[in-house]
Amino acid sequence: MKVEQIYTSCLAQGAYYIESNGEAAIIDPLREVDQYIEMAKDRNATIKYVFETHFHADFVSGHIDLAKKTGATIVYGPTTMKTGFDFVSAEDGQEFTLGDCTIKLLHTPGHTMESSCYLLIDENDKETSLFSGDTLFIGDVGRPDLAQKVIPDLTQEKLAGYLFDSLRNKILPLDDNIIVYPGHGAGSACGKMMSNETTDTLGHQKKTNYALRADMTKEEFIEAILDGLTPPPGYFPQNVMLNIQGYESIDTVVKKGTNALSVAAFEKAIDDHCPIILDTRSPQNFASGFVEGAYNIGLDGSFANWVGTTIIDTSTPLILIADAGREEEVATRLARIGFDNTLGYLKGGMDAWIAAGKEVDSISSITADELAYINKKEPINILDVRKESEYNSEHIENAI
């Protein structure tokens, strides 16, 4: 039996490859599914199942493409949601055979109503691992306010109550030695206090996770997990609907997004489609010279979260400026969060734009030392445009 975590740092997301005796299952795959197909091929295994812990909000899952390319069965927890694809709506406690192992679905509503965890039972009938999705994180639990965006009758208080029951009745009774493999780690907007660690034993989580405290009442739990929740990125509800209704193949989306546009074609695309110009270079390179009106969201870092926070509508047409050789990476990372309307990129980047004699904007920047010197010499108005939580954590004295 093999278990492998495929962790994607920019999304703080964990997908999982499980294999036993020539059969494999993928849990919560990313949209670019060829990596899983290659893993199985290299190990002479057949992908039998695609297990989804819930209808994801923070990324577009690869369940549909992976099922089409491999013939695997898609499995969700109990749901009556009408989807644009075939899947098995499994019952609580339903077991699936994978080679010599068994995977048991535990229905754990709370983060969403269909949210489920998957318990891995080895060939010796021993419970070894829990793939906990967005129900249980390392140091935290899933936020209970997302499903209300899709099902109006739900409230975050109701969902928090369901989550309390799920944790107490389904997860806490499990053996302390079980390894917890969560859906996300620190940096994800699906929780608020996640650890940098991406696995742990359940026993250690029982001792250290604030939401699993044994003497906590349901009312205390609800208050604790709702306290300090910040609004999720605006693209979340649109990703949920893509995961439910279906989407265009990522192969098609990336091919369109990596269409090389000459300077003339780039300008025509601006005139014809009124897109957002998304410049993914580093902030300093951007500041030294950029196309008028361009947005700068650097590719290195939490690119997906900032794109979804800044642009919000995933149907917005985009044209790209990227560092040479990274155009496909940009298109792929945009597709992961449902930004499928990318029209192409500026061939030759800013060098081509400047060589064509086109107008260039720039932004002056100063170092922290220079700012401190200027501010000390003659106090100035400093405008801090970060998140409120970041400002509250620490900020320059007298900054607004």
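A cavity is a set of grid points where a 1.4 Å probe fits but cannot get out. In this predicted model, a search of the whole structure finds two cavities of 30 Å³ or more.

Beyond its neighbours within four places in sequence, Pro144 is in contact with Gly110, Thr155, Gln156, Leu159, Ala160, Ile225, Leu226 and Leu229. Pro144 and Gly228 are separated by 84 residues in sequence. In space, their C-alpha atoms are 12 Å apart.

His111 belongs to another loop, between β8 (101-107) and β9 (116-121). This residue counts as buried because its relative accessibility is 1%, and the cut-off for burial is under 20%. The side chain of His111 makes a polar contact of 3.3 Å with the side chain of Asp134. A polar atom of the His111 side chain also lies 2.8 Å from the backbone oxygen of Arg143. With neighbours within four places in sequence left aside, the contacts of His111 are His54, Asp134, Gly142, Arg143, Leu146, Ala147, Leu163 and Cys190.

Open pockets were examined next. The largest pocket has a volume of about 640 Å³. Its lining comprises 22 residues. Nearest its centre lie Ser188, Ala189, Thr230, Lys387 and Ser389. Helices α10 (303-310) and α14 (388-393) each supply at least two lining residues. The greatest contribution comes from α10, with three. Nine residues of this lining are nonpolar, nine are polar and four are charged.

The second largest pocket holds about 500 Å³ of space. It is lined by 14 residues. Of these, Ile382, Leu383, Asp384, Val385 and Arg386 lie nearest the pocket centre. The lining divides into 10 nonpolar, two polar and two charged residues.

The largest nonpolar core contains 53 residues. Tyr36, Val307 and Leu334 have the most contacts inside this core. Helix α6 (residues 236-245) gives the most to the core, with four residues. A second, separate core has 24 residues, among them Ile138, Leu167, Ile222 and Ile225.

Within the largest core, Leu334 is one of the residues with the most contacts. Not counting residues up to four places away in sequence, Leu334 touches Leu278, Phe303, Val307, Leu318, Leu320, Phe339 and Thr342. Val307, one of these partners, is likewise listed with the most contacts inside the core.

Terms used: Residues numbered from 1 in each chain as written. Predicted model: local features only at pLDDT ≥ 70, side-chain atom pairs only at ≥ 80, totals over all residues. Heavy atoms only, no water. Buried < 20%, exposed > 50% of the residue type's maximum accessible area, 1.4 Å probe, protein only. Polar contact = N/O pair within 3.5 Å; in protein donor to acceptor, adjacent residues only side chain to side chain. Contact = heavy atoms within 4.5 Å. 1 Å grid on protein atoms, 1.4 Å probe; cavity = no way out; pocket = protein on both sides within 12 Å on 5 of 7 lines; lining within 4 Å. Points joined across faces, edges and corners; volume = space filled by probe spheres on them. Nonpolar A, V, L, I, M, F, W, Y, C, P; charged D, E, K, R; others polar. Core = buried A, V, L, I, M, F, W, Y, C linked by side-chain atoms within 4.5 Å.
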